[in-house]
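I opened the model to go through its fold and its core. My notes follow, in the order in which I looked things up.

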Amino acid sequence: MVVQAYILIQTDVGKAADVAKAIAEVKGVTMAEDVTGPYDVIVRAEARNVDELGKLVVARVQVLDGITRTLTCPVVHI
């Protein structure tokens, strides 16, 4: 089973491109784009289970320099 999520990220002013580039290198991240709007970067990530997804977000994404806030939106297939 693979769990997928979109991670919406707010960054310090002027850091969106640098954050997107750094996140794109994180294992488990399949896409990272800097965008305009209420969030500065949108990331698509996947892991083997919800626990691993949480660890990915907390231990490898939220710790990156320039990130001020994240919102994780799991993908649900009904």
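Entry 1. Leaving aside its neighbours within four places in sequence, which residues is I7 in contact with? I took contact as heavy atoms within 4.5 Å. I found V41, I42, V43, A45, V57, V61, T70, L71 and T72 in contact with I7.

Entry 2. I noted the ground rules. This is a predicted model, in which local features need pLDDT of at least 70 and side-chain atom pairs count only at pLDDT 80 or more, while totals for chains, interfaces and linings use all residues. Residues are numbered from 1 along each chain as its sequence is written, and side-chain values use heavy atoms, with hydrogens and water left out.

Entry 3. I listed the elements. The protein has two helices and four strands, taken as DSSP runs numbered from the N terminus (helices: H or I, at least four residues; strands: E, at least two). From the N terminus on, I read the order as β-α-β-β-α-β. The radius of gyration, taken over C-alpha atoms, is 12 Å; the globule rule (2.2 Å times the number of residues to the power 0.38) also gives 12 Å for 78 residues, so the protein is as compact as a globular protein of that length. I also noted that the C-alpha trace spans about 35 × 25 × 15 Å along its principal axes.

Entry 4. I traced the sheet. The four strands form an open sheet in the order β2-β3-β1-β4, with antiparallel pairing; two strands pair if DSSP finds at least two bridges between them. At the edges I found β2 (29-34) and β4 (67-74), each of which pairs on one side only. Neighbouring strands are turned by 20 degrees against each other on average, direction ignored. Axes here are lines fitted to C-alpha atoms, for helices over the stretch in contact, and angles run from 0 to 180 degrees between N-to-C directions.

Entry 5. I checked the bridges of β1. Strand β1 (residues 3-11) runs antiparallel to β3 (residues 41-47), and seven bridges join them. I7 has V43 as its bridge partner in β3, and L8 stands opposite I42. With β4, β1 again pairs in the antiparallel sense over seven bridges; there, I9 has T70 as its bridge partner.

Entry 6. I placed the helices. Helix α1 (residues 16-24) lies across β1, β2, β3 and β4 and runs at about 170 degrees to β2. Helix α2 (residues 50-61) packs on the sheet, touches β1, β3 and β4, and makes about 20 degrees with the direction of β1.

Entry 7. I looked for the core, meaning a set of buried Ala, Val, Leu, Ile, Met, Phe, Trp, Tyr and Cys residues joined through side-chain atoms within 4.5 Å. The largest nonpolar core has 20 residues, of which I7, I9, I23, V41, V43 and L53 touch the most other members. At least two residues of this core come from each of β1, α1, β2, β3 and α2.

Entry 8. Beyond its neighbours within four places in sequence, I found T11 in contact with A16, V19, D40, V41, G66, I67 and T68.

Terms used:
Buried means under 20% relative accessible area, exposed over 50%, partly exposed in between (1.4 Å probe, protein chains only).
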